[in-house]
Amino acid sequence: LIAAAHAGCFSMQLSAMLAGNGHTPTRVRTDAQIHFGPDGGGFLISGIDLETEGDVPGLSESEFQKFAEEAKNICPVSKALASVPITLKARLV
């Protein structure tokens, strides 16, 4: 559930940022993978991998990377999981 929430939140954050800067995306799709690890007698979230691709007419790959990285940092779910390492792979299609 956390992975789905993070992927959805990130996609909405990125889409809003792009549209707000004049680059309305045709599509943004994000997958999130949560990594669990042992922590004493229980478990903890040890990492999150986000992988996103966007179809954004007129936007360069470097601009897309910039927006994606910023979205990763300000997405509400990312903020809630600030103590967890989050990686991002972003690709413009």
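The axes of helices H1 and H2 come within 9 Å of each other and cross at roughly 130 degrees; axes here are lines fitted to C-alpha atoms, for helices over the stretch in contact, and angles run from 0 to 180 degrees between N-to-C directions. Please keep in mind that this is a predicted model, in which local features need pLDDT of at least 70 and side-chain atom pairs count only at pLDDT 80 or more, while totals for chains, interfaces and linings use all residues. Residues are numbered from 1 along each chain as its sequence is written, and side-chain values use heavy atoms, with hydrogens and water left out.

**The helix pair**

- H1 and H2 are therefore oblique to each other, given that angles under 35 degrees count as roughly parallel, over 145 as roughly antiparallel, 65 to 115 as roughly perpendicular and the rest as oblique.
- The crossing of H1 and H2 is right-handed, meaning that the near helix is turned clockwise from the far one by less than a right angle.
- On the H1 side, Phe10, Gln13, Leu14, Met17 and Leu18 meet Phe64, Phe67, Ala68, Glu70, Ala71, Lys72 and Ile74 of H2, where contact means heavy atoms within 4.5 Å.
- Sorted by class, this contact has nine nonpolar, one polar and two charged residues (Ala, Val, Leu, Ile, Met, Phe, Trp, Tyr, Cys and Pro count as nonpolar, Asp, Glu, Lys and Arg as charged, and the others, Gly among them, as polar).

**The sheet**

- Three strands form an open sheet in the order E1-E2-E3, with mixed pairing; helices (H or I, at least four residues) and strands (E, at least two) are DSSP runs, numbered from the N terminus, and two strands pair if DSSP finds at least two bridges between them.
- Strand E1 (27–39) and strand E3 (86–92) are the edge strands, each pairing on one side only.
- From one strand to the next, the twist averages 15 degrees.
- Strand E2 (residues 42–55) pairs with E1 in the antiparallel sense over 13 bridges, and Phe43 in E2 is the bridge partner of Pro38.

**Helices on the sheet**

- Helix H1 (residues 2–20) lies across E1, E2 and E3 and runs at about 145 degrees to E1.
- Helix H2 (residues 61–74) packs on the sheet, where H2 touches E2 and E3, and its direction makes about 150 degrees with that of E3.

**A look at Ser15**

- Ser15 is found in helix H1 and is partly exposed, with a relative accessible area of 23% (buried means under 20%, exposed over 50%, partly exposed in between, with a 1.4 Å probe and protein chains only).
- Not counting residues up to four places away in sequence, Ser15 touches Pro25 and Val28.
- Ser15 and Ala5 are 10 residues apart in sequence and 15 Å apart in space, C-alpha to C-alpha.
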